[in-house]
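Please keep the sequence and the model at hand while reading.

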Amino acid sequence: MDSESIALVVDEPIAGHFYWVLQKQDGADCKPIDAAAGPMPTYGAAMMAGIEALQRRADARGADPGAAPIVTAYVDPEEDLGPPTVH
């Protein structure tokens, strides 16, 4: 992870209580820079809320035309979306 990278981590300190945490590298350590205010019922819910927090940070920085596209949706690969469609 480089010094500009932010990692999204989902933690379950108590069974069934999921928290998202945004971490930034500080030397050899990772320091939390933002976190969920309270627990979420599922890993997926915590992950989506963490992605939203990352998106808010990106929006606050302003859009750089050469930057990677902004995430607007997430599809859980484990979710059953029906039979695959071939185009």
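Which side chain meets that of R56 in a salt bridge? The partner of R56 is E52, at 3.8 Å from N to O. The model is predicted: local features need pLDDT of at least 70 and side-chain atom pairs count only at pLDDT 80 or more, while totals for chains, interfaces and linings use all residues. Residues are numbered from 1 along each chain as its sequence is written, and side-chain values use heavy atoms, with hydrogens and water left out.

**Overall fold**
- The protein chain holds one helix and three strands, where helices (H or I, at least four residues) and strands (E, at least two) are DSSP runs numbered from the N terminus.
- From the N terminus on, the elements follow the pattern β-β-β-α.

**Sheet**
- The three strands make an open sheet in the order β1-β2-β3, with antiparallel pairing; two strands count as paired if DSSP finds at least two bridges between them.
- β1 (6–14) and β3 (29–35) each have a single partner strand and stand at the edges, so one side of each is left without a neighbour in the sheet.
- From one strand to the next, the twist averages 45°; axes here are lines fitted to C-alpha atoms (for helices over the stretch in contact), with angles from 0 to 180 degrees between N-to-C directions.
- Seven bridges join β1 to β2 (residues 17–26) in the antiparallel sense.
- The bridge partner of A7 in β2 is Q23, and V9 stands opposite V21.
- β1 and β2 form a hairpin with two residues between them. In its turn, G16 has a positive phi of about 85°.
- In general, strands of a sheet pair through backbone hydrogen bonds.

**Helix and salt bridge**
- Helix α1 (residues 43–61) lies across β1, β2 and β3 and runs at about 40° to β2.
- R56 and E52 both belong to α1 and are four residues apart, about one turn of the helix.
- The count comes to one salt bridge, taken as a side-chain nitrogen of Lys or Arg within 4 Å of a carboxyl oxygen of Asp or Glu.
- R56 is partly exposed, at 47% relative accessible area; buried means under 20%, exposed over 50% and partly exposed in between (1.4 Å probe, protein chains only).

**Whole chain**
- Of the 87 residues, 17% count as buried.
- Among contacts (heavy atoms within 4.5 Å) between residues at least 6 apart in sequence, 30% join residues at least 24 apart.
- The accessible surface comes to about 6500 Å², and 56% of that belongs to carbon and sulfur atoms; accessible areas come from the Shrake-Rupley method with a 1.4 Å probe, and for residues only the protein chains shown count as cover.
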